[in-house]
Amino acid sequence: MGKVITIKKGYTIKMDGVAPKTITHLALSDVVALKPHDFPSVVPRLSVEVGQEVVAGQWLFHDKNNPKIRLPSPVSGEVIEIVRGDKRRILEVRIIPDKITKYAYFPEINLPNADRDAVIEYLLESGCWSYIRQRPYSLIANPDDIPKAIFVSCFDTSPLAPDLGFIIEQERAHFQTGLEVLDKLANGHLHISLHTEVGERLSESDFRGIANHKFHHFSGPHPAGNVGIQIHHIDPIQKGEVVWYVHPQDVIIIGRLFTEYRYRAERIVALAGSCVKQPQYFKVITGQKIKSITGNKLDSTNFRLIQGTILTGKKTAEDDFLSFYENQLTAIPEGDQPEFLGWLLPGFHKLSLSRTFFSWLTPNRSYNLNTNNNGEERAFVMTGQYDKVLPMNIYPVHLLKAILAKDLERMEELGIYEVSEEDFALCEFVCTSKIDVQRIIADGLAYVRQEG
Amino acid sequence: MKIAQKLLNSVRPHFKEGGRFEKLHPAFDALETFLFVPGHTTSQGVHVRDAIDLKRTMFTVIVALVPTLFFGMWNVGYQHHLAYGMEASLVDSFLFGFWKVLPIIIVSYAVGLGVEFIFAIVRNHQVSEGYLVTGLLIPLTMPVTIPLWMVALGAIFCTVLGKEIFGGTGMNFMNPALLARAFMFFAFPAYMSGDIWTDLSPEAGHVLVDAYSGATNLVTFDANFTKLPSAADMFWGFEQGSIGETSAFACLIGALILIGTGIGSWQIIVSCVVGVLVMGLFLNALAPADMPTHAMHTPAYYHLLMGGFAFGAVYMATDPVSAAQTETGKWIYGLLIGMFTVILRVFNPAYPEGVMLSILLMNVFAPLIDHLVVEQHIKNRKKRA
């Protein structure tokens, strides 16, 4: 094992309702949907129409601005409905899946002999290209770019996150093949990050046969698992540079493509949180109806269901569909009850990174957190709070202020290209003034993308 | 608790848009959120939030101020009884001080919060919690003999010119409480300096003892530092001065609470102390050998104990809004406060309370310090490329 990169700043939130490692295979839901909203850069143009029969791997829509980017159907069946919102924006493409999935088979490809362009072409043709994303901006990568590196983070430090080591374990061979594919794209700069404690241990010897890759061992709290933090510590992004990254589950899907020559969209999703009766892992299909996963496994009536983590996820409902890149569903209680003199009580059960509540006496306990805002929004007052949970050489408050002032040059100087909303999630969590840090960062990134 | 909730629910419609007291909504809102942490849930971004909010933060500072407040109350009585040569029990002294100090606190809060509420209503924004601390800082930095109308004036000056004209808590660039004190110090020197530090309300059958002198340490030390009380007395706080400032020990407890909870910046407190010691030792080295009582000979650590330094460094310099905001900036800011405090004390007998002025001066410079630190940070980032 080489040098360990120790992340000192940050905090791992311990919560009730961790999923034990049991995987349940779920049948397909009665309807499956692909949601263009999952791909922020994509302006969807439909490739199918209502009533059409599709097979798994057939494109449902492509990007108007870059027609090479196509989004494939996860199942075979009949397109039953195109759900549209304001200004006829496409929200969902709904499909009634067949009982037994029929796949589109792509021509066989000999991976070791294929060159970079052929691999890219193959990924684009199958629609699996959409699993390769880029920083800055966290969008689907542009196939015409040459990235300076590709990153795969093999651990997740977010609250209640699925154990990626355990998931990779399920399909080790496909994961390996997927990495070989990425290796072709990375021009010798494929970075794989492992953690010294979090999750089931993967070791370097698990990855034999991949030619040009580097291993990086991390230790320390969340957000060490965020790929943005890893990029920052290994090979930071400067203006004009692009880095690609792929989630391990998506590496597995790419691996399946190059082994089975078909697009098989199964993924493992953790259902966790204190409102779940029996937290566990499920093997499902991208786009599966949420209700089919949560079923009657939720405990209370007043809960919030989140696609993703409590820090970065999106609020969802049971009639929604599993998002394209999602690996986790979280259910926690809504905190919509006022608390009498709550700011005055000792607070033994209240999680705070400050030691103003007596919960600091029990640092290792796990919390049943709810969605209460715990106060009202105020102007910036406290200083140095964000710095304690952002393990980057970046001045968070100054960057936020540059964004609020729409000062493009200042944003660039202060490192806007290196950041993503998720890296600032903990800053938002700890904020005394309850400022919407992630929204400000998202606004800043959108502004830079538009003007820069 | 249920009753309070019911009552609030029943009157809430009147304060909503279209209600009879719509304009008073910020006042109602302040009262409601004071009683109940609202049931607001997160709407975007993170789904859970740290339990801390600005109310808890300010409350923690108040807890940290309690030792200085209680000690100050006792000391007011102790100094009074000392001046008349009376024997008094701990409780008697405390009660004497309690009844003297309480009206000052009440006036400070009533007037200051009144101004805050008026501003909130007129400008239709929420009442911020900043004044919870400011309202206690003002009395603690006043002599006990201060007339109540001056406390009221100070509270108004502090809220209006110290804070609200900039947009309220978080927007001001100088510490409001300290600004109020500086204003009163320069505008009404008769009430803020001289023979005012001990409450000399007459005691039947007693006259002032001969040894009584109204001069505070900071004045004594300019004339002849060897006449200062012992370091132990100054540390514990058995001396004359503003209500809350005399005991370095009480400030130390407060500092531990602030640092322990993570509310106050330990960097600022420590660097203030270092600044004082560095400048004190430096002046010791330069002190004229033929004048053994010259203020430059004062042992450096005396500066930590006398006057309002401990109080200023712990409760005023650490105000996150007006202090430097970057980590490096905090060190520079604190060091300069410490050094200027000693310089002002030693070389400028007209303004004995150097710490007040040096904190205000550094409040003004804090944005510049931060600017330089951020520029350096940007240069380092570019070098990394």
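Guide: Let's start with helix H5 of chain B, where the buried residues are B:Gly130, B:Tyr131, B:Val133, B:Thr134, B:Gly135, B:Leu136, B:Leu137, B:Ile138, B:Pro139 and B:Leu140. Buried means 20 or more other C-beta atoms within 10 Å of a residue's own (exposed is 12 or fewer, partly exposed in between), with C-beta atoms placed from the backbone. H5(B) covers residues 130-140, and with ten of its eleven residues buried it is mostly covered. Those buried residues pack against helix H3 (54-83), helix H4 (90-123), helix H6 (148-162), helix H7 (176-187) and helix H14 (309-316), all in chain B.

Some housekeeping: this is a predicted model, so local features need pLDDT of at least 70 and side-chain atom pairs count only at 80 or more, while totals for chains, interfaces and linings use all residues. Residues are numbered from 1 along each chain as written, with chains lettered from A and ligands numbered from 1 in written order.

From there, step across to the other chain. The interface takes 48 residues from chain B and 61 residues from chain A, two residues being in contact if their C-beta atoms lie within 7 Å. On chain A's side, strand E18 (303-307), strand E21 (339-340), helix H7 (396-404), helix H9 (425-430) and helix H10 (437-451) each give two or more residues. H9(A) gives the most, with four residues. E21(A) is also joined by two bridges to strand E1 of chain B (residues 36-37), and the two run antiparallel. There, A:Glu339 has B:Val37 as its bridge partner.

Now for chain A itself. It comes to ten helices and 21 strands, read as DSSP runs (H or I, at least four residues; E, at least two) numbered from the N terminus. Its C-alpha trace spans about 65 × 45 × 45 Å along the principal axes, and 52% of its 452 residues are buried. Take the contacts between residues at least 6 apart in sequence: 70% of them join residues at least 24 apart.

One open sheet in chain A has seven strands in the order E1-E14-E13-E12-E15-E10-E11, with mixed pairing; pairing takes at least two DSSP bridges. E1 (4-6) and E11 (139-140) are its edge strands, each pairing on one side only. E11(A) is tied to E10 (133-135) by two bridges in the antiparallel sense, with A:Leu139 standing opposite A:Gln134. Helix H4 of chain A (residues 227-234) packs on this sheet, touching E1, E10, E12 (149-153), E13 (190-195), E14 (213-219) and E15 (243-245).

Another open sheet in chain A has four strands, ordered E3-E9-E8-E5, with antiparallel pairing. E3 (32-34) and E5 (53-54) sit at the edges with a single partner strand each, so each has one side without a neighbour in the sheet. E3(A) pairs with E9 (residues 90-97) over three antiparallel bridges, and A:Ala33 stands opposite A:Arg94 there.

Definitions and conventions: Axes fitted to C-alpha atoms, helices over the stretch in contact; angles between N-to-C directions.
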